[in-house]
Amino acid sequence: MTIMHHPGDELLLSYALGASNEPVSLLVGTHLSFCTTCRASVRDMEAAGGAMLSDVKPAAINARALQAVLSRLDDNVPDLARPRQTSGDVPLALRAYIGNEFSKVRWVAVAPGLAHRPLLTRGGTRARLIRARPGAAVSTHSHRGEEWTLVLTGSYHDETGIYRPGDVQSTTPDIFHRPVADDGPVCINLAVTDAPLVFKDLLPSIIGRIFGF
Amino acid sequence: MERPLQDAARLNDLVRAVGQNADKAAFKELFDHFAPRVKGYLMRLGAGSAVAEDLAQDVMLTLWRKAVQFDPAKASASTWVFTIARNLRIDAIRKERRPQFDADDPTLAPSSERSSDENLDWAKAEDRLREALVMLPREQAQVVELSFLADKPHSAIAAELGLPLGTVKSRIRLAMAQLRGALGERS
């Protein structure tokens, strides 16, 4: 599987250096399950973090701190084995939020063919899953801030192209689009927005307010 | 209390001595090198001195416990310690989870291309990276350093610098191209 649409260096760098908030980290961490290219980028960026740590101005440590830590070493047994992961089709980073199987996610219906599942909000940034049956469309909308959509299963298209599993679509306030789910497997996306969507028509904007789109 | 910068290869050997032999003398040397830097890093990110010191101690205890998992083929000791400090800070100070990519993920896309990175000497690469960071044009170095020490999204960094978000993004892209170039000079 070749990923065509990546999160972009700025998101990867925020994730690698620990600056991104939890919803954005969830998006990037899940994308990495699909994308070997971005995994390599994050590893390089972490190496830059290590190099910067070497050059941070050291802060004085309490004279007794080393002794305090040494006295605790024998109580800290080595972590030998890493836990085995259980089976399931949900990427690991997402499992703490929705479990191991997409088929067991509890959805909230939004419109014909469309359902969503809010996951978390931090500050103004929200993460949720969106499920679209083939042919289902989200009304034309733009965004007050940025939105990132990661395809998990199935695919969708809009005015800008086709998005398949692992692809991340980044949209900014100047983009109006109308995503439509393609034929084939149901399309499940992880959507992260840092501001509510802005709908072009009145009715969807009311639906949007009710359902928190 | 400025401590001399340790050679990256020596730090790798010390972590391995801890992992393989529970070598406390090696641990002491790692503590002297890393604890003041981790504390300095946490304080630059806004932690008070006492909190930063407690967390730096936790980072060192985690190093002790996980040294057996340290793999110098994947990262230098400094990078590995940086990721430990980063994750503990998110957990303890921001009180957030950090959804992690994990190499054991059963849904993982298999790596199709065998990358030449498997032969990369990360300890040497770190020296090249540090040089490349110093060589970055000032405006690029600034956004990379803020990504490291500001704990905010780039939209907030852009607002603070009075720059369009697109400008911040393109500076990051240019900086990363430079840093990748430095890593690309395989030894």
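## A helix of chain B with a buried side

In helix 5 of chain B, the residues Trp122(B), Ala123(B), Ala125(B), Glu126(B), Leu129(B), Arg130(B) and Leu133(B) are buried. They lie on the same side of helix 5 of chain B, because the arc that they cover around the axis is only 145°. Glu131(B), Val134(B) and Met135(B), on the other side of helix 5 of chain B, are exposed. The model described here is predicted.

Helix 5 of chain B runs over residues 122-135 and has 14 residues. From its first C-alpha to its last, this helix reaches 19 Å, which is close to the 20 Å expected at 1.5 Å a residue. What do the buried residues of helix 5 of chain B pack against? Within chain B, their partners are helix 1 (8-21), helix 4 (77-92), helix 6 (138-149) and helix 8 (165-184). They also pack against helix 3 of chain A.

## The contact between the chains

How many residues does the contact take from chain A and from chain B? Chain A gives 62 residues and chain B gives 72 residues. On the side of chain A that touches chain B, the elements that give two or more residues are helix 1 (9-16), helix 2 (22-34), helix 3 (36-55), helix 4 (65-73) and helix 5 (92-98) of chain A. The largest share, 14 residues, comes from helix 3 of chain A.

By residue type, the side of chain A that touches chain B divides into 32 nonpolar, 17 polar and 13 charged residues.

## The make-up of chain A

Chain A has 213 residues, and buried residues make up 45% of them. Its elements are 6 helices and 11 strands. Among the contacts in chain A with a separation of 6 or more, 68% join residues 24 or more positions apart.

Strands of a sheet pair through backbone hydrogen bonds, and the pairing is either parallel or antiparallel. In chain A, an open sheet of 3 strands has the order 7-6-9, and its pairing is antiparallel. Strand 7 (161-163) and strand 9 (180-181) of chain A each have a single partner strand and stand at the edges, so one side of each is left without a neighbour in the sheet.

Strand 6 of chain A, residues 156-158, is joined to strand 7 of chain A by 3 bridges, and the two run antiparallel. Which residue of strand 7 of chain A is the bridge partner of His157(A)? The partner is Ile162(A).

Note on methods: Residues numbered from 1 in each chain as written. Chains lettered and ligands numbered in written order. Predicted model: local features only at pLDDT ≥ 70, side-chain atom pairs only at ≥ 80, totals over all residues. Contact = placed C-beta atoms within 7 Å. Helix = DSSP H or I, 4+ residues; strand = E, 2+ residues; numbered from the N terminus. Nonpolar A, V, L, I, M, F, W, Y, C, P; charged D, E, K, R; others polar. Buried ≥ 20, exposed ≤ 12 C-beta atoms within 10 Å, placed from the backbone. Pairing = 2+ DSSP bridges. Expected span 1.5 Å × (residues − 1). Arc of directions from axis to C-beta.
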